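Hello,

Here is the structure I promised to hand over. Please have a look before reading on.

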Amino acid sequence: MLKIIVCIKQVPNTDNVQFDWKKGALVRKGIENITNPDGLHAIEQALAIKEQYESHITAITMGPPQAEETLREAYALGVDNCVLITDKRFAGSDTYITSKILHKAIKHLGNFDIVITGFETLDGGTSQVSYQLAEFFDIPHFTQVDRLEISGTSVIIQRLYGHEYQKVKTDLPMLIAVKKELNSVRHARLIDIKVSFDKKITILNMEDIGGSAEEYGFSASPTKTLEGEVVRHKRKQERFEGTSVEKIEKLVGKLKKYGIIKY
Ligand SMILES: Cc1cc2nc3c(=O)[nH]c(=O)nc-3n(C[C@H](O)[C@H](O)[C@H](O)COP(=O)(O)OP(=O)(O)OC[C@H]3O[C@@H](n4cnc5c(N)ncnc54)[C@H](O)[C@@H]3O)c2cc1C
């Protein structure tokens with residue numbers, strides 16, 4: 001049986017996000033949280049593998065206690081087991097320390113065949129975690145996986161590579177990072193949503209994964225945010241005055257000036 005680990009993250013809905021310039025971090029309090037979209041596509045990839053090969057899927061997340069909501073969603077979609085890694089001593093961890101914690105927690109859970117992550121998150125959006133996690137495990141990392149053929153511990157992967165397909169052969173265990181373009185996430189059935197609230201979530205903290213407080217959190221994190229800027233995309237607007245004919249002439253003049261029309 002294949003053992004699949006899916007890493008998902010709860011993120012603030014970035015439609016309404018604030019930034020704390022002093023701390024160089026997002027203000028996460030009082031903001032609606034959602035499951036990071038790529039994480040849902042990672043679950044979908046795991047479920048698609050399970051439909052083809054006998055598998056057991058564990059979804060894991062590192063976050064504050066309310067990240068449990070994201071795991072309930074994973075249960076409703078069809079994963080078999082959920083693990084929440086939560087500990088105040090992990091707060092403020094950057095991507096490197098996050099990857100280190102995920103690595104230790106997955107090791108604590110035992111052997112696995114495939115780790116599936118999303119490609120990036122809506123909030124941090126660095127895309128660093130999947131690569132760092134593969135490095136910590138020293139296993140192959142694949143993106144753009146379109147199809148998989150697994151035979152024993154050997155895997156043939158068909159990757160979407162620009163306008164081409166690329167076929168590669170590798171061995172398990174491996175890590176796949178999933179982008180949202182690659183599949184469509186199924187809808188959870190009402191009954192599965194209801195049942196998801198009765199399912200057990202395993203909680204892991206620092207004592208479970210090992211290490212000491214100095215190795216985790218903000219002070220252990222090598223990334224320091226030096227400066228931030230809110231980028232607002234505003235369209236340039238110009239209003240033409242005059243009669244309809246004059247306005248059209250002015251518009252045509254502008255379009256010619258910018259090379260949008262040539263004659
Ligand atoms: C100085 C600093 C302080 C920070 N403090 C905090 C903080 O206090 N609280 C906080 O929530 N964030 C904090 N962050 C952000 C946090 O480090 C990142 O959000 C997190 O490490 C993941 O990075 P990312 O969002 O860029 O993930 P990406 O690399 O873009 O994510 C890729 C994939 O990795 C997996 N993944 C990423 N994060 C997790 C996770 N936590 N659990 C499971 N899977 C995951 C998912 O599958 C995701 O789709 C801080 C960042 C910095 C630089």
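Predicted model: local features only at pLDDT ≥ 70, side-chain atom pairs only at ≥ 80, totals over all residues.

The ligand is surrounded by 28 residues, and the closest are Cys7, Lys9, Ser93, Thr121 and Thr126. By class, that shell has 15 polar, eight nonpolar and five charged residues. Strand 6 (55-62), helix 3 (95-109) and strand 8 (114-118) each supply at least two of the shell residues.

A side-chain N or O atom of lysine 9 is 2.2 Å from an oxygen atom of the ligand. A polar backbone atom of glycine 118 is 2.8 Å from a ligand oxygen. For glutamine 128, a backbone N or O atom lies 2.8 Å from an oxygen atom of the ligand. On its own the ligand has 930 Å² of accessible area, and the protein covers 87% of that.

Next, the aromatic rings. The count comes to three aromatic pairs. One joins phenylalanine 90 and tyrosine 216: the ring centres are 5.0 Å apart and the planes sit at 70 degrees, so this pair is edge-to-face. It ties together parts that are 126 residues apart in sequence. Both phenylalanine 90 and tyrosine 216 are buried.

Tyrosine 96 and phenylalanine 136 form a tilted pair, 5.6 Å centre to centre with 40 degrees between the planes. Tyrosine 96 is in helix 3 and phenylalanine 136 in helix 4 (residues 129-137), 40 residues apart. Tyrosine 96 is partly exposed at 38% relative accessibility. Phenylalanine 136 is partly exposed too, at 27%.

Last, helix 1 (residues 37-52). Its 16 residues reach 23 Å from first C-alpha to last, close to the expected 22 Å. Its buried residues include Leu40, Ile43 and Leu47.

Best wishes

Key
Residues numbered from 1 in each chain as written. Heavy atoms only, no water. Helix = DSSP H or I, 4+ residues; strand = E, 2+ residues; numbered from the N terminus. Expected span 1.5 Å × (residues − 1). Buried < 20%, exposed > 50% of the residue type's maximum accessible area, 1.4 Å probe, protein only. Near = heavy atom within 4 Å. Polar contact = N/O pair within 3.5 Å; in protein donor to acceptor, adjacent residues only side chain to side chain. Areas by Shrake-Rupley, 256 points an atom, 1.4 Å probe, with all protein chains shown as cover. Nonpolar A, V, L, I, M, F, W, Y, C, P; charged D, E, K, R; others polar. Phe/Tyr/Trp six-rings, centres within 6.5 Å; stacked < 30°, edge-to-face > 60°.
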